[in-house]
Amino acid sequence: MMKAEKRVAVALSAALLALVSVPGALADGGTITVNEDISVSEDYDWTRFADDNITLNVYNWGLYISDGSDDSVDVLSAFEELTGIKVNYTTFDSNESLYAKMKSGGATYDVIFPSDYMVGKMAAEGMLAPLDFDNIPNFKEIGEDYLGWDFDPDNTYSVPYTWGTTGLIYNTTLVDEAPTSWAALWDVQYANNVLMFNNSRDAYAIAAKKLGYSLNPASVEEVETVMQELKAQKSVVQAYVMDEIFDKMEGGEAAMAPYYAGDALTMIDENPDLAFVHPSEGVNFFVDSMCIPANSKNKEAAELFINYMCEPSVGLANCDYIGYSTPITRVWEQLDDDLKYNEIAYPGEDVMSKAEVFTTLPDEINAAMDAQWSEMKSYEEGGSGWMVVVLLGLALVISFFNIWRKLRKKVRDDY
């Protein structure tokens, strides 16, 4: 479904949720209408911080919320209007970037949106605050299939926001035959026409699946083997990207790339020459969650924000705009059939039976992956292997020459 048509469907669904259209008024059906698109539960104190001059620092993935762009619903301004709480909204492009920013202590956030394995890692390191679900009654809206995963078995620290899978997006005018395997990303006929994930965990997962391994490495040796496969791919890769993929794939600047299914829907919407496939070896199934950092200065207001994000009208607006799959049961029920049963957004058992979830890795394997990834990237950026050898050889020649000069000078001085 094209975006404009989807927005009509969302507007109609929102109208069913909102029984009156006066902002802030109580509706007869137990809801409060914020605006023509957003209505929320009546039996919740949304305004208890209205006079406290609070600003929430929210840190999310890029292009991952309905923010008013392209005629979408602005769920953040509706939140501010409803609660009197201001939102300072900024974005990151990978879990690793999020972690590095949090670990450095350079900024303080109130709500963050890490993926599954990063939730587990941050929780284990004491970086997340346990949630008070008395302040998040809309947690009941989340479907059971998206709760209780190993990274947070009791959902102590996390509330699911969206879910999805990875796959291959490709340009049908540049690719002769639809790819079915991750191996297509290594095909030399597409040299300098392939994009690759610019984060270690996603890139590793693809190479691991290509080799027949789990995307969760069992040993340091396994990490080394898989990273060699990524090194072998470099001569084919045009660029390592994250959010840049939108401009490149929509603009026909590359033949294929791995990416997330929700974003694939958006790119296909913008460029009908694009198509998407789940490779036969299996894919990553992920759950992105809302969490509160342990050092948040506004924990209860942050829980109020999470509760708001779980309101069906808000979830519907987000689901429509960003294209990702919803864990909120009532949102899924309101989707138009061509999205509800879309094989990209909601793949069937043939895909899900071979999908894997990232687990939180032991420290030594994490360290090995980070080190190997950094080495691989610097090697790629520094030039080819023969050039490295030449430069090392030149450095040795210069060193030996300097030693020889010193020895020669000493001999002369002795005479």
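Which element gives the most to the lining of the largest pocket? The legends below begin with that site. This is a predicted model, in which local features need pLDDT of at least 70, side-chain atom pairs count only at pLDDT 80 or more, and totals for chains, interfaces and linings use all residues. Residues are numbered from 1 along each chain as its sequence is written, and side-chain values use heavy atoms, with hydrogens and water left out.

**View 1. The largest pocket and its lining.** The largest pocket holds about 240 Å³ of space. Its 16 lining residues include E96, M118, S200, R201 and D370, the closest to its centre. Two or more lining residues come from each of α3 (95-104), α4 (116-124), α5 (200-211) and α14 (363-382). Helix α14 gives the most, with six residues. By class, the lining divides into five nonpolar, six polar and five charged residues. A pocket is an open set of points on a 1 Å grid over the protein atoms alone, with protein on both sides within 12 Å along at least five of seven lines; lining residues have an atom within 4 Å of a point. Grid points are joined across faces, edges and corners, and a volume is the space filled by probe spheres set on the points. Ala, Val, Leu, Ile, Met, Phe, Trp, Tyr, Cys and Pro count as nonpolar, Asp, Glu, Lys and Arg as charged, and the others, Gly among them, as polar.

**View 2. The largest cavity.** The structure holds four cavities of 30 Å³ or more, a cavity being a set of grid points where a 1.4 Å probe fits but cannot get out. About 180 Å³ of space lies in the largest cavity. Of the 17 residues that line the largest cavity, W61, Y260, F286, D288 and Y324 are the closest to its centre. Strands β10 (256-260) and β12 (285-290) are the elements that give two or more residues to this lining. The lining of the largest cavity has nine nonpolar, four polar and four charged residues.

**View 3. The open sheet around β4.** Three strands form an open sheet in the order β5-β4-β6, with parallel pairing. Strands β5 and β6 stand at the edges, each with a single partner strand, so one side of each lacks a neighbour in the sheet. Two strands pair if DSSP finds at least two bridges between them; strands (E, at least two residues) and helices (H or I, at least four) are DSSP runs, numbered from the N terminus. Seven bridges join β4 to β5 (residues 86-92), and W61 has F92 as its bridge partner in β5. Two bridges join β4 to β6 (residues 111-112); in β6, V111 is the bridge partner of V58 and I112 that of Y59. Five of the seven residues of β4 (residues 55-61) are buried, that is, under 20% relative accessible area (1.4 Å probe, protein chains only).

**View 4. Surroundings of M127.** M127 is found in the loop between α4 and β7 (159-171). This residue is buried, with a relative accessible area of 11%. The C-alpha atoms of M127 and P293 are separated by 5.8 Å, although the two residues are 166 residues apart along the chain. Not counting residues up to four places away in sequence, M127 touches Y99, M102, K103, M122, P293 and A294, where contact means heavy atoms within 4.5 Å.

Methods: Buried < 20%, exposed > 50% of the residue type's maximum accessible area, 1.4 Å probe, protein only.
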